Amino acid sequence: MITAHPSLLRELVDRCETLRRRLAADTSAETARRLEDAAYTLCVITATRQLDTALFVARCQIAEATRQKQPLPH
């Protein structure tokens with residue numbers, strides 16, 4: 001399975017979380033549109049259909065990439 005680069009995943013996860021918090025405080029159409037765009041992109045990249053699932057999958061992929069880069073203990 002092909003996965004996105006961890007830095008891209010981190011950026012999208014951060015953007016979605018930030019926009020979710022912002023939308024909770026400010027229900028502007030612009031913020032909602034930006035969240036929808038970021039969520040769509042994250043869903044496409046993670047091959048999911050729901051933002052919560054996309055966030056979970058992205059976090060798992062980030063963790064797996066981080067784990068694979070750590071050297072094994074001797």
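1. The side chains of T48 and T46 make a polar contact at 2.9 Å, a polar contact being a pair of N or O atoms within 3.5 Å in which, within protein, one must be able to donate a hydrogen and the other to accept it, and for which residues adjacent in sequence count only if both atoms are side-chain atoms. T48 is placed in the loop between helix 2 and helix 3, where helices (H or I, at least four residues) and strands (E, at least two) are DSSP runs numbered from the N terminus. With a relative accessible area of 17%, T48 is buried; buried means under 20% relative accessible area, exposed over 50%, and partly exposed in between (1.4 Å probe, protein chains only). Leaving aside neighbours within four places in sequence, T48 is in contact with C43, T53, A54 and V57, contact meaning heavy atoms within 4.5 Å.

2. A word on the basis of these values: this is a predicted model, in which local features need pLDDT of at least 70 and side-chain atom pairs count only at pLDDT 80 or more, while totals for chains, interfaces and linings use all residues. Residues are numbered from 1 along each chain as its sequence is written, and side-chain values use heavy atoms, with hydrogens and water left out.

3. What is the count of disulfides, taken as pairs of cysteine sulfur atoms within 2.5 Å? The count is zero, and for C16 the reason is distance, because the closest cysteine sulfur, in C43, lies 7.8 Å from its own sulfur, too far for a bond. C43 is likewise in no disulfide, the nearest cysteine sulfur being that of C16. C16 is buried at a relative accessible area of 0%, and C43 also counts as buried, at 9%.

4. The largest nonpolar core has 16 residues, and those with the most contacts inside it are L9, C16, L42, L51 and L55; such a core is a set of buried Ala, Val, Leu, Ile, Met, Phe, Trp, Tyr and Cys residues joined through side-chain atoms within 4.5 Å. Helix 1 (6–25), helix 2 (29–46) and helix 3 (51–69) are the elements that give two or more residues to this core. Leaving aside neighbours within four places in sequence, L9 is in contact with A4, L42, I45, T46, A58, Q61 and I62.

5. The model holds six salt bridges, each defined as a side-chain nitrogen of Lys or Arg within 4 Å of a carboxyl oxygen of Asp or Glu. One of them joins R59 to E17, with the closest N and O atoms 2.0 Å apart, and this pair links distant parts of the chain, since R59 is in helix 3 and E17 in helix 1, 42 residues apart. R59 is partly exposed at 40%, and E17 counts as partly exposed at 23%.

6. R20 forms a salt bridge with D52, for which the closest N and O atoms are 2.5 Å apart; here too distant parts of the chain are linked, R20 lying in helix 1 and D52 in helix 3, 32 residues apart. R20 counts as partly exposed at 34% relative accessibility, whereas D52 is exposed at 51%.

7. Within helix 2, E30 and R33 lie three residues apart, about one turn of the helix, and they form a salt bridge whose closest N and O atoms are 2.9 Å apart. E30 is partly exposed at 43% and R33 at 40%. Together with D37, E30 and R33 are linked in a network of salt bridges.

Conventions: A disulfide is a pair of cysteine sulfur atoms within 2.5 Å.
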